[in-house]
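Trainee: I have a new structure open and would like to learn how to read it. Could we go through it one feature at a time?

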Amino acid sequence: MEYIIATVHMADEIHNVLQTTIKTIYPKYYPKEVTDFFCRHHSKEHILDGITSGNMGVLEDNGIIVGTGCYSDNHITGVYVLPGYQKRGYGSYIMDCLEKEISKKYDRCILDASLSAVCLYEQRGYQTVGHGVYELENGVRLVYEVMEKELK
């Protein structure tokens with residue numbers, strides 16, 4: 001298992017990780033409008049922006065990209081692991097790598113937590129400091145937790 005900086009030639013595989021994970025996991029927690037929103041949000045263009053920033057990485061296991069993570073400043077903007085590879089510590093490993101990078105410049109880390117990941121983040125020492133609401137179509141609201149952790 002190795003976490004490396006993402007490159008442009010990995011964009012299709014990263015897109016697959018994001019779309020597969022969202023379409024498999026999110027319907028268990030959210031209505032269709034929320035799942036569709038996240039699928040649209042994590043477009044190839046969005047992925048290329050993350051790669052270009054230099055802040056997106058991938059987790060490889062035996063040459064297969066099984067997960068991805070990204071951050072901006074002290075904000076973790078996404079951690080995704082293919083469903084077949086979850087519950088093996090891969091998400092935690094990606095979080096370790098992201099927190100290590102963020103800690104080089106910041107004393108604390110912030111993230112917006114999906115319902116499916118709140119427990120993982122709490123186990124890692126994150127605390128809810130607020131809630132966000134995003135209005136979607138058909139009167140559906142995406143409600144999420146804003147979480148924070150001291151790094152130093």
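This is a predicted model: local features need pLDDT of at least 70, side-chain atom pairs count only at pLDDT 80 or more; totals for chains, interfaces and linings use all residues.

Trainee: What is the sense of the pairing between strand E5 and strand E7, and over how many bridges does it run?

Mentor: As a general idea, strands of a sheet pair through backbone hydrogen bonds, either parallel or antiparallel. Here strand E5 (residues 108-113) and strand E7 (residues 141-150) are antiparallel, and six bridges join them.

Trainee: In what order do the seven strands of the open sheet come?

Mentor: The order is E1-E2-E3-E4-E5-E7-E6, and the pairing is mixed. At the edges are strand E1 (2-5) and strand E6 (127-135), each of which pairs on one side only. On average, and ignoring direction, neighbouring strands of this sheet are turned by 30° against each other.

Trainee: Which strands does helix H1 touch where it packs on the sheet?

Mentor: Helix H1 (residues 11-25) touches strand E2 (56-61), strand E3 (64-72) and strand E4 (75-81). The direction of H1 makes about 90° with that of E3.

Trainee: How do the axes of H1 and helix H2 cross?

Mentor: In general, two packed helices are described by the angle between their axes and the distance between the axes. For H1 and helix H2 (residues 32-41), the axes come within 10 Å and cross at roughly 175°. Angles over 145 degrees count as roughly antiparallel, so H1 and H2 are roughly antiparallel to each other.

Trainee: Which residues of H1 and H2 meet?

Mentor: From H1 come Gln19, Ile22 and Lys23, and they meet Thr35, Phe38 and Cys39 of H2. By type, the residues of this contact are three nonpolar, two polar and one charged.

Trainee: Now the loops. Where does Lys87 lie, and what is its phi?

Mentor: Lys87 is in the loop between E4 and helix H4 (90-103). Its phi is positive, about 70°, although Lys87 is not a glycine.

Trainee: Is Lys87 buried or exposed?

Mentor: Exposed means over 50% relative accessible area. Lys87 has 86%, so it counts as exposed.

Trainee: What about Asn138: where is it found, and is it buried or exposed?

Mentor: Asn138 is found in the loop between E6 and E7. Asn138 has a positive phi of about 60° and is not a glycine. Its relative accessibility is 66%, so Asn138 is exposed.

Definitions and conventions
Residues are numbered from 1 along each chain as its sequence is written. Side-chain values use heavy atoms; hydrogens and water are left out. Two strands pair if DSSP finds at least two bridges between them. Helices (H or I, at least four residues) and strands (E, at least two) are DSSP runs, numbered from the N terminus. Axes are lines fitted to C-alpha atoms, for helices over the stretch in contact, and angles run from 0 to 180 degrees between N-to-C directions. Contact means heavy atoms within 4.5 Å. Angles under 35 degrees count as roughly parallel, over 145 as roughly antiparallel, 65 to 115 as roughly perpendicular and the rest as oblique. Ala, Val, Leu, Ile, Met, Phe, Trp, Tyr, Cys and Pro count as nonpolar, Asp, Glu, Lys and Arg as charged, and the others, Gly among them, as polar. Buried means under 20% relative accessible area, exposed over 50%, partly exposed in between (1.4 Å probe, protein chains only).
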